[in-house]
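Time to look up a few residues and jot down what turns up.

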Amino acid sequence: MENSNYPFVNTPLPYDYDALEPFIDEKTMYLHHDKHLQTYIDNLNAVLEKHPELQKLSLEQLIKISVRLPKPLQTTVRNNAGGVYNHRFFFEGLTNPAQKEPHGRLAQAINQCFSDFDRFESEFKKAALSVFGSGYAWLVYSRHRLRTVTTPNQNTPIEQGLCPILNIDVWEHAYYLKHYNLRAEYIDDWFNIINWDKAEQNLINCIKNRN
Ligand code: MN
């Protein structure tokens, strides 16, 4: 991940704000990246400014050590480092036009762990719908298997030693302007813009790093 050290800057989206239309609208992408993600970056830099001992750590390291920090520093680091990590992961995982389904190694792994792609899709959707309030659904790799998990707020699977492949942000700010309260329709739209090449690369990296 680019720029993964203090001071963090908001790297641009890898596509235009309107690139994901009609599935995710331009205004949502602009606010989500330039306002919501920017706030996590600003808050993370502000807390690190007061804690020089943490400034050398990467985003991933900050998330992993946050559990050992005293509260309320723990909560602030976890929420804001997690907010940056989760949003970058989400934005980098999208593209348009996208392939309908994964291919290669990821397709094989999905078929192995979920029977087939349709079954994966319905399990993932169920997970994303099950998040109460704000959070994320993830496809993760762990112990040679893929599975879906959810995280509340800005928690991340890497805190639990799980290696992320794919995520969907189901905070209302991710979809409310276009989809209103209809999270299921947002999830269906999101399935059209998954960057499967990126997801497969994530799987290959997870395997290489022996998760
Ligand atoms: Mn978000």
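This is a predicted model: local features need pLDDT of at least 70, side-chain atom pairs count only at pLDDT 80 or more; totals for chains, interfaces and linings use all residues.

Which residues is Ser-58 in contact with, leaving aside its neighbours within four places in sequence? I found Ser-4 and Asn-5 (contact means heavy atoms within 4.5 Å).

Residues are numbered from 1 along each chain as its sequence is written, and side-chain values use heavy atoms, with hydrogens and water left out.

Back to Ser-58. I placed Ser-58 in the loop between α1 and α2 (59–65); helices (H or I, at least four residues) and strands (E, at least two) are DSSP runs, numbered from the N terminus. Ser-58 is buried, at 14% relative accessible area. My cut-offs: buried is under 20%, exposed is over 50%, and partly exposed is in between (1.4 Å probe, protein chains only).

Next, Asp-169. I found Asp-169 in strand β3 (residues 163–169), and Asp-169 is buried because its relative accessible area is 0%. Not counting residues up to four places away in sequence, Asp-169 touches several residues, including His-32, His-87 and Tyr-186. I also checked the spacing: Asp-169 and His-32 are 137 residues apart in sequence, yet 10 Å apart in space, C-alpha to C-alpha.

Last, Tyr-141. Tyr-141 sits in strand β1 (residues 135–142) and is buried, with a relative accessible area of 8%. Pro-157 is 16 residues from Tyr-141 along the chain, and their C-alpha atoms are separated by 10.0 Å.
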